[in-house]
Amino acid sequence: QAPFVESVGRTPSSPSTLTAMFSLRKSLALCLVATAWAREPGFSEQSCTEMFDTMKKLGGPVPPGEYVAGCQDVCEHIRAMKTFWKSGEHAQEACDVGAKYGCVFEGTPPKTLSDIGC
């Protein structure tokens, strides 16, 4: 079997495996952003930041007219990367990208990047 198949469900054991996993996750994140940008005419760093600012102010979901499709998907991926890496270069990169989009996560009250350790 291929090495990636054998390691599914287990913690990667070598730095090269971790690096390869990060490269794949980073590529997937870029694809997600590119797809959202292509599909959703209002999707941008600025529009996501504005939507998430509204979410913070309201303490919950934004009104339908202010919702920007794709923003939550990007930020959930950012949160998954931060959760996986916890600290170090790759975790910081996730935080930096999340900051560009002004990521805020649903909850009562909504969670900010600092709440997930950024």
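Contacts that span the sequence are the place to begin: with contact taken as heavy atoms within 4.5 Å, residues 24 or more positions apart account for 59% of the contacts in the chain with a separation of 6 or more. This is a predicted model, in which local features need pLDDT of at least 70 and side-chain atom pairs count only at pLDDT 80 or more, while totals for chains, interfaces and linings use all residues. Residues are numbered from 1 along each chain as its sequence is written, and side-chain values use heavy atoms, with hydrogens and water left out.

Colour next by secondary structure, where helices (DSSP runs of H or I, at least four residues) and strands (E, at least two) are numbered from the N terminus; the chain has five helices and two strands, in the order α-α-α-α-α-β-β.

Now select F52, C71 and Y101, which touch the most other members among the 18 residues of the largest nonpolar core, a core being a set of buried Ala, Val, Leu, Ile, Met, Phe, Trp, Tyr and Cys residues joined through side-chain atoms within 4.5 Å. Helix 3 (45-58), helix 4 (71-85) and strand 1 (104-105) each supply at least two residues of this core, and helix 4 gives the most, with five residues. Centre on C71: leaving aside neighbours within four places in sequence, C71 is in contact with F43, C48, M51 and F52.

Finally, pick L58 in helix 3, which is exposed at a relative accessible area of 53%, where buried means under 20%, exposed over 50% and partly exposed in between (1.4 Å probe, protein chains only). From L58, draw a C-alpha to C-alpha distance to P110, which is 52 residues away in sequence and 9.1 Å away in space.
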